[in-house]
2 protein chains.
Amino acid sequence: MKYNAMVGQSGGPTAAINATLAGVIRGAFANDEIDKIYGLQHGAEGLINKKFTLLNDVFKTDEDLTLLELTPAAALGSCRLKLPKYEEKPETYTDIFATLAEMNVKYFFYIGGNDSMDMVHKLSSYAAKVNSDIRFVGVPKTVDNDLMGTDHTPGYGSAAKYVATTLQEIVRDCAVYTTKAVTIVEVMGRDAGWLTASAALPRLIGTGAPDLVYMPEVDFNLEEFYEDVEKEFAIKPNLTIAVCEGIRFADGTYVGEGAQSGVRDTFGHKYLSGTAKYLTELVKEKFGCKVRAVDLNLPQRCAAHIGSLTDIEESVALGKSAVGFAVSGKTGITMAYKRISTEPYKIEIGCEDVANVANKVYEVPRKFINERGNNVTDECLKHIAPLIQGETKVVYEKGMPVHFVIPK
Amino acid sequence: MKYNAMVGQSGGPTAAINATLAGVIRGAFANDEIDKIYGLQHGAEGLINKKFTLLNDVFKTDEDLTLLELTPAAALGSCRLKLPKYEEKPETYTDIFATLAEMNVKYFFYIGGNDSMDMVHKLSSYAAKVNSDIRFVGVPKTVDNDLMGTDHTPGYGSAAKYVATTLQEIVRDCAVYTTKAVTIVEVMGRDAGWLTASAALPRLIGTGAPDLVYMPEVDFNLEEFYEDVEKEFAIKPNLTIAVCEGIRFADGTYVGEGAQSGVRDTFGHKYLSGTAKYLTELVKEKFGCKVRAVDLNLPQRCAAHIGSLTDIEESVALGKSAVGFAVSGKTGITMAYKRISTEPYKIEIGCEDVANVANKVYEVPRKFINERGNNVTDECLKHIAPLIQGETKVVYEKGMPVHFVIPK
């Protein structure tokens, strides 16, 4: 007898979350044990509200799936919904499992970050409790690269390639004037500096990397920061600095928090701004020079047009493998990359017990940050570099990248 | 007898200003009348401080020039220096012309925006006054596309391609949640909405364009803006809005001014940033929904990794032609694209008297904006579309685009 599969996406978008989805779909299409594959509309929301899309009807050709692999964000829709604990709301669980039984679903795949792995953990624990045979498999994704149990996360490589490429361009841009100026670029990462570290990758090809790089793994010290800037000014007039949005002072407060106590506009609205904006204001006051804050914002997590081929190919493979793992009997797991070697770069796909990875943070190891805490080490760049290698074959129509949109 | 040429870059960087530089260098290398070509270090600053780079020594192979064409920002360095009027400081002019005579320079090329064309005008006027035979030729560039006398400007097509690509990605990103939310994306353009208009280009391939587009050519009305947002909310929960940094209220004040310090640059231009941020605060207050402001900032003008092939090829051709025009005797001109037809797209290269174009602004025609003033017309998209066609062959090394850096 054949069973059906179900797949959902959750959390913040990345340039690779659809590549993993395509991998799961490809895996399901190719697997003899699987009949239909349903997509959850907006992740857990769709699961609770019973909103599904039959993906067999949507993807008719290999080209469709290839386009999906090149489409940023979550094509099925995402959510920020956190499943209640079983003890708090048991009916949520009985309801979900009734739906899954009704739809003959035996394989359930959930692509997401920390909260999604928490959901996989909850559902698989409940399945064990009620002796359900449904397999729950998590597939990680996040541009932050801060999940435990995997060498790196799908989506990180593409975001890192965008950040490295953009920083190199910004450094070029900022180098044109002879005026004393500081440009501070803010990179995503609430708890870990992985994406910020990638800003330094242009150093591998010679020029174009930011002069200073600050990450949350090291306490931020304002006096040392001023000293760092002063020292760089002795070398050249125009500095580029990458800062992680999550950098904190020794007392644990976010550096950007200070910005919220600031200016009010003519309408009396509080002018809220980020970490980079705040630091540029301080630099302007301290050094009296021209400053500019650049927040890489949403583009860094959805810039599929400069995706890493390595990231996209690995993400597809991870999704495919998730299907194989589920059909072979695994449940309560999250898929993972295991690095075999860095030079030459080689990984294997494995899995981890989801209970061991949920709600933990994978930080940048201290050895990947220099002693002063104001830049990454060469070892760090060597570790990250393989993840941004290769370029995807973006399909263009009328001068713009073509995306695949799943109709609702 | 052979003469020398000199070339400089000025104003804000673009992804195509080096393509034009490469064109001028290629033109000079190929022209029998020209011996050496000098590069001005930091534009007018290099001219006044006598800082030159002999480009014949720098560019030894065709590959070097091809890489230069793919390098963003101003490889020779730029400046914001405005030449004083002859009446104010005649010695500046006698000094410059003495230097040029000493260096046997007969052909002078200056690549830049409005302020650069003003300098070409001043220098060529002085040349006429003192019967100098030196030819001064301006070559336009600006991502703003706001120069008179040319159908469009080098650099605009690449910036437009980046803006269109990025907006499409942001729209994907913002569409994933079911929550009511407004994302406002701020695009460059102090006086003209050309670059903001390009945000709507994804509409040409179906989906992924912003719902509303506001440009400075139409007075911004807050009440109408609220009505527009309300109307869009009736259709879907997550809106994406593109706004030009230069949008103004009917009384002439910039919308973003409320959130600003009012700093002016050396030309007296007001620094604009924070228009999107400001509007999101108002939307949050009015609609109580989630908001996000994205400022495309520097990346939109230096994103050479997604340059328009049409833009880069045309920019090279324009630079080459500038050499031909100068050698044939033209001076006091700025190079220009003349559009022959849109479908099929065809242009010719010509020139304009620089006196007719300096210090004027080429705005988006009213017919290119819908009646309500909250979006562009299809005619506008048809007009812009040819300029973003084709993709450059970016050279990658270790996963990153390779740039050509001119040593100093």
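Which residue of chain A forms a salt bridge with B:R301? Select B:R301 and look across to A:D173. These two form the salt bridge, with their closest N and O atoms 2.7 Å apart. Keep in mind that this is a predicted model.

**Stop 1: the polar links.** Stay at the boundary between the chains. The rule finds two salt bridges across the interface of chain B and chain A. Now show polar contacts between chain B and chain A: 32 residue pairs are counted, both partners at pLDDT 80 or more.

**Stop 2: the elements.** Colour these parts of chain B: α7 (156–174), α10 (275–287), β9 (290–295), α11 (299–302), β12 (396–397) and β13 (400–401). Each supplies at least two residues to the side that touches chain A. Zoom in on α7(B), which gives the most, with eleven residues. Then colour that side of chain B by class: 33 residues are nonpolar, 19 polar and 16 charged.

**Stop 3: the whole contact.** Select every contact residue. Chain B brings 68 and chain A brings 66. The two chains bury about 5,700 Å² between them, and 59% of that lies on carbon and sulfur atoms. Next, pick B:E169, B:Y177 and B:M400. They supply 12% of the area that chain B buries against chain A, more than any other three residues.

**Stop 4: the axis.** Superpose chain B on chain A. A turn of 180° with a shift of 0.0 Å along the axis does it, at an RMSD of 0.1 Å. That is the relation of a two-fold axis. Finish on B:D295: its C-alpha is the one in chain B nearest the axis, 3.7 Å from it. The same surface serves both copies, with 87% of chain B's contact residues recurring in chain A.

Conventions. Residues are numbered from 1 along each chain as its sequence is written. Chains are lettered from A and ligands numbered from 1 in the order in which they are written. This is a predicted model: local features need pLDDT of at least 70, side-chain atom pairs count only at pLDDT 80 or more; totals for chains, interfaces and linings use all residues. Side-chain values use heavy atoms; hydrogens and water are left out. Copies are superposed by least squares on the C-alpha atoms of residues with pLDDT of at least 70 in both. Contact means heavy atoms within 4.5 Å. Buried area is the accessible area (1.4 Å probe) that two parts lose on being put together, summed over both. A salt bridge is a side-chain nitrogen of Lys or Arg within 4 Å of a carboxyl oxygen of Asp or Glu. A polar contact is a pair of N or O atoms within 3.5 Å; within protein, one must be able to donate a hydrogen and the other to accept it, and residues adjacent in sequence count only if both atoms are side-chain atoms. Helices (H or I, at least four residues) and strands (E, at least two) are DSSP runs, numbered from the N terminus. Ala, Val, Leu, Ile, Met, Phe, Trp, Tyr, Cys and Pro count as nonpolar, Asp, Glu, Lys and Arg as charged, and the others, Gly among them, as polar.
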